[in-house]
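Dear colleague,

I am handing over the structure below, and after it you will find my notes on what turned up. Please read them with the model open beside you.

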Amino acid sequence: MASTSRVLSGAQPTADSYHLGNYFGAFKQWVALQDEFEAFYFIPDLHSITVEYDPAQLRERTYIAAAQLLAAGVDPERSALFVQSHVPEHAQLAWVLGGITGFGEAGRMTQFKDKSARSGSDSASVGLFTYPILMAADILIYQADKVPVGEDQRQHVELARNLAQRFNHRFGETFTVPEAHIVKATAKIYDLQDPVSKMSGSNQSHAGVVDLTDTPQQAAKKLRSAVTDSGSEIFYDRETKPGIANLLTIFSALTDRSIDDVVAEFEGQQYGHLKVALGDLVGDFVAAFGDRTRELLGDRAELDRILAAGAVRAREVAVPTLQLVYERSGFVAP
């Protein structure tokens with residue numbers, strides 16, 4: 001069992017850039033958690049091959065993901081930052097956990113049902129079906145106490161909890177039973193063109209998504225074009241004014257000010273004033289973030305060094321966990 005409180009999370013390299021929603025919904029929280037926990041943060045490239053993909057693109061996106069996580073403030077001196085495929089124990093544990101996971105249990109996972117419904121179950125891969133089992137292995141291999149996830153990922157953490165408890169019951173106390181760590185104060189950023197849907201890189205139209213690699217001009221244009229609501233008064237109401245509520249949330253998150261404070265600043269002004277001011281703020285943010293990301297990407301050897309060091313630290317925990325699992329499972333030691 002872990003003697004120190006440990007936190008584990010990952011972000012898939014499925015796009016050419018993370019976006020503003022990723023930063024405020026996850027990465028900013030990851031950075032804060034480094035002060036409180038022993039942190040393990042990884043890039044789940046094994047998960048990325050459960051759907052059709054391009055190998056060269058995956059490799060490049062993995063480097064971009066690493067650079068952006070570092071630019072966001074993940075500190076490789078305080079956290080293990082690594083690539084999933086660099087730690088083979090993830091896949092090895094997933095196979096063992098697959099042996100104690102029910103077929104129906106895996107089939108009830110929401111993400112699989114949603115993705116297979118879109119593409120058809122015949123074209124969905126076995127990897128997509130077993131994806132949640134690998135995710136459980138990602139968590140359990142590190143004996144993680146807390147798993148920072150969005151509400152939409154809570155089901156996957158519940159599966160990890162169930163499998164940990166099932167293995168412990170059958171084979172003896174082996175795994176820490178993890179908990180989902182969902183911070184209520186985390187800013188949830190919505191699509192600028194569809195402010196009732198969360199900002200997502202998978203949206204068909206990218207007009208409502210602010211990428212962390214956008215130029216200041218691109219970001220400001222997206223903010224100026226953001227969908228707003230009827231009326232002209234600026235106040236926060238997620239139900240009746242989702243567009244303005246989203247802009248106020250972004251403004252609050254960028255400035256670390258309360259939404260009430262931001263509303264007071266724009267009292268008596270028009271929507272356009274808020275959009276222009278927010279466009280400038282977001283533009284400054286992505287400019288600095290982009291500069292730092294490009295600087296990191298300019299030294300691939302240093303990125304390789306950081307990721308290799310992170311994998312070494314990860315395996316210091318993963319290898320003993322897998323050895324214990326193999327021994328408890330009845331495998332003959334090599």
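In strand β2, Tyr41 is the bridge partner of Ser9. This is a predicted model, in which local features need pLDDT of at least 70 and side-chain atom pairs count only at pLDDT 80 or more, while totals for chains, interfaces and linings use all residues. Residues are numbered from 1 along each chain as its sequence is written, and side-chain values use heavy atoms, with hydrogens and water left out.

Strand β1 (residues 6–10) runs parallel to β2, and five bridges join them; two strands are said to pair if DSSP finds at least two bridges between them. Together with helix α1 (residues 20–33), β1 and β2 form a right-handed β-α-β unit, where right-handed means that, with the strands pointing away from the viewer, the path from the first strand over the helix to the second runs clockwise.

Strand β2 also pairs in the parallel sense with strand β3 (residues 79–83), again over five bridges, and Phe82 in β3 is the bridge partner of Phe42. Strand β2 itself (residues 38–43) is mostly covered, since five of its six residues are buried, that is, under 20% relative accessible area with a 1.4 Å probe, counting protein chains only.

Looking at the whole protein chain, there are 13 helices and five strands, which are DSSP runs (H or I, at least four residues, for helices; E, at least two, for strands) numbered from the N terminus. Of its 334 residues, 48% count as buried.

Best wishes

How values were computed. Buried means under 20% relative accessible area, exposed over 50%, partly exposed in between (1.4 Å probe, protein chains only).
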